[in-house]
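Here are my notes on this one, as numbered points. Have a look at the model first, then read on.

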Amino acid sequence: MKLIVRAAIAIFGPGVFFIGAICFLMTGVSAQKQGRRLPGNPRPASRPTNIDYSSFSHATKKHQGACNSCHKIPTNNWKKVRDYPDVADYPGHDACVSCHRPQFFKGVKPVICSICHTKVSPRDDVRFVFRNPAAPTQFLIEFPHDKHQDVIARMFRRLSAEKQPQFLPTLFAPAAADDKTKHYNNCEICHGPRTTPPSAPVTGWTDAFIPDAASFKDAPTSHAACFNCHWKSQQPTSENCGGCHKLADKPYSLESVVNTPRRLSMKFRHAREQHVQECTTCHINITRASTLRGLLPDVPITSCSECHNKEGLRLDVSKELEAIDKNRDFVCSYCHTSDVGRRDPPASHYLIAGREVMKRKDIK
């Protein structure tokens, strides 16, 4: 560098070199003031500006700390909205301000406040119901039916031996004195009779057939059925949220899972007198299921054939198979709506009818 300076002085003279050096320095200062990048200087990393602060995602790495760092268990309002200690409200402001102070105090109506509050206003602190039913669900529930079936079986054997009253959790109320319906208090601890009609699928009800509430059983949507065992005594307890709640790959609608039925035999009604049985009479695999992921209420056709395809009683399955023999476009309708009834009958249906399996396209 010194050799370059000496050569420049020798060629241009000390006066000219001095003026040129001053101009170069002024050019650099001007570029910095205007925000222009000088050659050789790397561009500083810019912060992302497209973050949507109107929604909260547990998938964000910084949001994956200990659950009780934000959620207080139980929340202060639990006595007003629950019959048991529960997480029944959103986290307090401290949970937000600790990381998002700039967004929290940005403008008169900070968009970040709309996550919890129905109106973004300093004079209105009303919040959405917790959990907000309109917001997508971000967690899956890990529930092992096999373990719970074993616990319930042991519990009922003990209660029977001690002749004590049977355990009935918050979710399941005792039957009225004049209620002659049979109740099986193992599965019905969580899966009681539905009291509200199911929601229609997005595409509407097939064939305009609308099943009533009595067609289905209910499923837990809160901690009510879990509280008695898992509040403090048995793991996962109230301090171990991750024991049951697993982050989903992507948010989904809980309404579509719980309230919109997905069933092949849409015309089956649980409440029909002949169908009131101990649940595992038909749901034979559920007691071995260790997870809810991929779980289907797979009732084998043999659970139906004892009544619906038996000589001297009824032959509903065989009659509809014979109807297909005569007209391959025949739609099975005794159990199914047309979206299922027009498919090829599965091999199991032909098996219980004592026939060879056929495809509709092969019928002349």
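1. Start with helix H9, residues 316-326: its buried residues are Asp-316, Val-317, Ser-318, Glu-320, Leu-321, Ala-323 and Ile-324. Buried here means under 20% relative accessible area, with exposed over 50% and partly exposed in between (1.4 Å probe, protein chains only). Helices (H or I, at least four residues) and strands (E, at least two) are DSSP runs, numbered from the N terminus.

2. What covers those buried residues of H9? The cover includes helix H8 (302-308), strand S3 (309-310), strand S4 (314-315) and helix H11 (347-352).

3. A word on provenance: this is a predicted model, where local features need pLDDT of at least 70 and side-chain atom pairs count only at pLDDT 80 or more, while totals for chains, interfaces and linings use all residues. Residues are numbered from 1 along each chain as its sequence is written, and side-chain values use heavy atoms, with hydrogens and water left out.

4. On cysteines, the whole structure has zero disulfides, a disulfide being a pair of cysteine sulfur atoms within 2.5 Å. Cys-67 has its closest cysteine sulfur in Cys-241, at 4.0 Å, which is too far for a bond. Cys-244 is in no disulfide either, as the nearest cysteine sulfur, in Cys-226, is 6.3 Å away.

5. Both Cys-67, at 39% relative accessibility, and Cys-244, at 27% relative accessible area, count as partly exposed.

6. For the overall picture, the protein has 11 helices and four strands. Buried residues make up 23% of its 364 residues.

Conventions:
Contact means heavy atoms within 4.5 Å.
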